[in-house]
Structures are given as C-alpha cells and as structure tokens.
Amino acid sequence: MTWTEKHDQFCLKNSIPPAAKLLWQWLIREGVAEEVEPDLSEFNHWVEKHRGKGYAHNYLKQMFNVLVENRVIQTIKQYSWKVFKLIVRPLEWLKPRKKQKLHNPNSTYKTPTPNPTNSVDQDVQQQHILSNQQLMSEEGIHFDTEETEVLNRPNFEIKAALLLFKLRGATEKINNPEGWVRHCLRRRYWEQPRNYSAICQHFGGAVMKIEDYFYQVQNYE
C-alpha cells in the first residue's frame, strides 16, 4: 500500500501533526492490515539521516499516541517504549461507518460472531488510560483506572490541565489537586481567554490550537 492524496486529506481533517504523518508513512512501508513489530528507534535513525536530527523520545511517543488516538494504528503488545507489535489499519477502515438498517423482527436472527478487533481496541483504550494515569502521577495527582471520565480524555487535554495546574501553583496552592483537575477537564479551563493566554505565553506567545502546543518538541536529549 502506498501513500495517497486521501491519506493527506485524512491528516488535514484530523489535525495530524507533520511528525505523526511522517511516522504513519514509515509504518505503512512496514506493512498494512497485518501484524508488524516496528522499532521506533529505526524510524528516528531514518529521520536523522534525512533531516539531520531525530525526534526527542518524549515527542516521538506523543506522535505515536496521536496515531493511536486517531485509530490509524492499534497496538497489540508493547515490548518497550520504542518496540511494539501492532497493526496499521487500511485507510478504508478509518472511514465513518455507514448507519446500519433497523432490525426487521420478521427476519431470521443470526448470532453475531465475536470480533477480535474489539479486544484489541479495548487494549488500546486501556493503554491510553494508563498513559494518562502516569502523566498525572508524575505531578503527584492520583486517579484509579476506573476514573474513565478523567483518564479517557485526549492526551493533550490532560497535558493542558496539568500545565494550568502548575501555573496555578500546583500542590502548594491547590489543596485538592484531583478535584481541581476534574473540574478543569469538565469545564475545559484551557479555553478560557485568560488561561489560553497563559498557555500561549508559556510556549513563547505563538498563536495556534491548544492541542498543537502539546505536540511540539518540549524535551531534548
């Protein structure tokens, strides 16, 4: 399978950053609709060869998660931060599903066959929850995995909430961190003009979508 204009359209529609797009192109070469075990360090060597410098590990992991969140890839097993067993989904799979016709009670009922993809998607969702839980724990904020209202949020929303938490003085000034973060996510504090301005200033004042700030390279080796 080769990269097409429809892939570009999908990236634009879903605001996929250039680095994540490049990673997707590289993964397609590894194989589509089949289990593969790519090593992200090999991708980084390839980037370094053509760009002069590879991506920071944290940023590369963020780009990988962007593809997971957009259902471009589904991880089956993780061996380390950089090596996975995964499936790159065909572009046709990513198209919105057509609405199913209403069930006719007079038709013959067929027992649905189990779909192995469902269990894989559940694993991906669980990995997403654990990743967000770890981000929270690093800032001293703890949520059980059952707290899906919080932990199932997009990765950039968690990072935006944590940044505002730190800008507000963190645990030194906020007595109930978990409660504050929950309210922040529910009410989307980062969209309030004052908070949006604070985030912009933190990243140098450039105007862009909030999610784009958290896809930028913030940590260098």
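Let me start with Ile 73, which touches Leu 27, Phe 64, Leu 67, Val 68, Ile 87, Val 88 and Arg 89, residues up to four places away in sequence not being counted. Contact here means heavy atoms within 4.5 Å. This is a predicted model, where local features need pLDDT of at least 70 and side-chain atom pairs count only at pLDDT 80 or more, while totals for chains, interfaces and linings use all residues. Residues are numbered from 1 along each chain as its sequence is written, and side-chain values use heavy atoms, with hydrogens and water left out.

Ile 73 is also one of the residues that touch the most other members in the largest nonpolar core, which has 32 residues; Leu 23 and Trp 24 are among the others. Such a core is a set of buried Ala, Val, Leu, Ile, Met, Phe, Trp, Tyr and Cys residues joined through side-chain atoms within 4.5 Å. Buried means under 20% relative accessible area, with a 1.4 Å probe and protein chains only. Elements giving two or more residues to this core include helix H1 (5–13), helix H2 (18–30) and strand E3 (84–88). Helices (H or I, at least four residues) and strands (E, at least two) are DSSP runs, numbered from the N terminus. A second, separate core has 28 residues, including Ile 158 and Leu 162.

Next, Asn 70. It lies in the loop between helix H4 (57–69) and strand E2 (73–78). Is Asn 70 buried or exposed? Asn 70 is buried, at a relative accessible area of 18%. Beyond four places in sequence, Asn 70 contacts Phe 10, Asn 14, Ile 16 and Leu 94.

Finally, the whole chain: 12 helices and three strands, with buried residues making up 39% of its 221 residues.

Key
Buried < 20%, exposed > 50% of the residue type's maximum accessible area, 1.4 Å probe, protein only.
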